[in-house]
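User: I have a protein open and would like to go through its folds with you. Can we start with a sheet?

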Amino acid sequence: MSDTNDTIKTEMDCSSPELTEITANSVEDLNDLIPPKSRRLYDFTYRRFLKWAEQHNASHYSENVLLTYFNHLSNNENLKSSTLWSNYSMLKAELSINHNIRLGKYTKLRAFLKRKNVGYKPKKTKILSKQQVDNFLHNAPNEKYLATKVVLILGVTGGCRCDEITSLTMADIEDLGTLILIKLQDTKHYKSRSFIIMEKFYLEICRKYISIRKDINISRFLLNYHDGKCANMVMGKHKIASAPREIASFLKLPNSNEYTGHCLRRTSATLFLDNGGDISALQRHGSWHSTPVAESYIEDSTENREQTAVQILAPLDINKPSTSDNLDRVVDDTIKIEGDSDDTEKRELRITGGIKIENFGEYKLGPLIIEGKTKQVYELPGSPDLCILLNTDRITAGDGVQAHDLAGKAALSNKTNRKVFEILNAVGVKTSFVKSATDVAFVSKRCEMIPIEWVTRRLASGSFVQRHPRVPEGYRFYPPKHETFFKDDANDNPQWSTEEIIAAKFKVNGLEIGPTEVDIMTRTSILVFEVLEKVWATRNCALVDMKIEFGVDTTGEILIADVIDSDSWCLWPSGDKRLAVDKQVYRNLTTVTASDLDTVKRNFEWVVDQLDHIIPPNDHLIVILMESPSDKEYCKNIEKYCQQLGLNTELRVTSAHKGTEETIKIVRYYESLPVKVVFIAVAGRSNGLGPVISGNSPMPVINCPPLKADNVDRDVWSSLNVPSGSECSTVVYPEVAAMNAGNIVALFDYIVWSKLRVKQLDNYVGLAKADKEIRA
């Protein structure tokens, strides 16, 4: 990039010798800020802009200049909206690097691009249904289509991009007997990931292909295939991308040219959701960076259309929303919801829009169970253990003294609640949340609520400082401060002590709330706070305090219930109270204008957007090395416990005694990967494996010798009495080895940290319940 160098040279002429030297040394490093695979395209886009600017005598790249340029691209070069945004993204990077111009501050330019989105519908590839996938795999002759079948299996099972399939090597394919492990090293976001193929028929197809190509000395996995034989030539990206079109042609599907290489990844996403997967798991499956991107890959398949047909809000009677004199807001209209055909009772829902419906989503609503200030709870006919929680567009403060309608709040609350509960469920916390039902409602286990709010605080703020004026705002509690409040709006939700809750002897769904139950809920509420505190820390946001509620389901189980949304916590981005984005902003208002409500809504939208961008980390690997194949079952046991904690694992066989060089070579391979590696060494008798690895690698090493009762005193000694410079630790149980590895990964992975924390709580709860039972 000569322009980059020219820019830097100009700056260097005005710099001190020391700065000049530093800047000169960093010229080549600037190129590293551009994605390597797209560098040529970025360079072309940048040079095209420079050429246009030169032709129009534009020496400064102001917002008006950029607006004129993008208007030129849109009108004169007829670029589509998606291409305009792509050009914007590339120019944003180039102008920032070469001219220190922040395109993100050009708000009018972004508004212009957003207007270009109106009416634009991006053309998406068609997808294959599950029946069409199975039809091709079973009926297409292997003589001609075997390699195409393998491409289809890889693409659909792993949600792979064509680039990822193209770059697969034989070393990335590991046949483990009951399954085949596929490791993707060269991914779009430069993070390796893996997936497995385990369906029996799929395994047969892949193994048949492997048996045909295994003797060809080419590292790439996919080779050109003709007449039942693999050619001595790799299968290129364009050939792989044409596989869906080839499949569609064989199946005689209309418009087969519309089945592009992207078809495989979109088919994978759609089938995943059709089969009951949730959007959070889909994100991890396809390594998508955000929920909206993942959702864009989902096709309106036949199954989805059938489900939508059930969910369609029946006869619509849409009234024009009214507007108050001094507040530009939508006023709640009434929704009439019919019950079952033999139920003539009609109910009213406070929700924006004035829509008359009989069904809600795919569910018929039963009688109203209870209505709060901002939500309603309905029975689900035919499912006595479940209910529907419906959020409304109502926002309140001061126990309902301050209340307004905020259009869109119901959907924002539902999205926030769904994401939070999906995180809690994923790490093993027991909650009532089942699934989203519609944009504004979700299905929950039916609980009888315990009338206590459980509040956990990390920093002193809000009502705590008002009640304790001598405690400065921002004072940090460690461990977190825990408080409980009795839900009694008439008396301003008074604070209750633990003793008062126990003395009340609440009986909820047949369960009496005593000391054991209160202790469990106290510990659980602190755990939930700590888990979400770790989650928000990944977005550089401080979780100041939060409240949750518990209910008891029909089986007598205590669950986190109700709703967790922006009404439930206090959030300070970058730890700065001035940037607060929670409902406290609304509580602090003395007068409320339309502009104020707009600010509150933008804050809630920001929270949803941040939650959408929280991607569980997946940049670690636990390598379990066994000295002998006879230790395989022992190592499988370690692997099982690792996977329960969400740890990525690989098994290897190597002997430090019999193949020292190979052992070191294996270690060097894992050290070269862009992931955080922990080694677990499994070796009995004279354990040289762990000490050799720890003496030659800075990575953590855990010895876990496969001891037996008759040799424990002798065999464990070689793992304990290690030479200086070998800093490996030693444990003697597979589960402990996995937890030790988990402790290391938990330092940088909130999911693993949370699962370990939940495991500790579960251990306590089990003991507490057993003690209560034995004392009964």
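User: Which five strands form an open sheet, and in what order?
Analyst: The order is E8-E9-E10-E14-E13, with antiparallel pairing. Strands here are DSSP runs of E with at least two residues, helices are runs of H or I with at least four residues, and both are numbered from the N terminus. Two strands pair if DSSP finds at least two bridges between them. This is a predicted model: local features need pLDDT of at least 70, side-chain atom pairs count only at pLDDT 80 or more, and totals for chains, interfaces and linings use all residues. Residues are numbered from 1 along each chain as its sequence is written, and side-chain values use heavy atoms, leaving out hydrogens and water.

User: Which are the edge strands?
Analyst: Strand E8 (368-371) and strand E13 (433-438); each pairs on one side only.

User: How many bridges join E10 to E14?
Analyst: Five bridges join E10 (residues 386-391) to E14 (residues 441-445), and the two run antiparallel. In one of them, Leu386 has Lys445 in E14 as its bridge partner.

User: What holds paired strands together, in general?
Analyst: Strands of a sheet pair through backbone hydrogen bonds.

User: Which helix lies across E10, E13 and E14?
Analyst: Helix H17 (residues 409-426), running at about 150° to E13. Such angles run from 0 to 180 degrees between N-to-C directions, with axes fitted to C-alpha atoms, for helices over the stretch in contact (heavy atoms within 4.5 Å).

User: New topic. How many helices and strands are in the protein?
Analyst: The protein has 28 helices and 28 strands.
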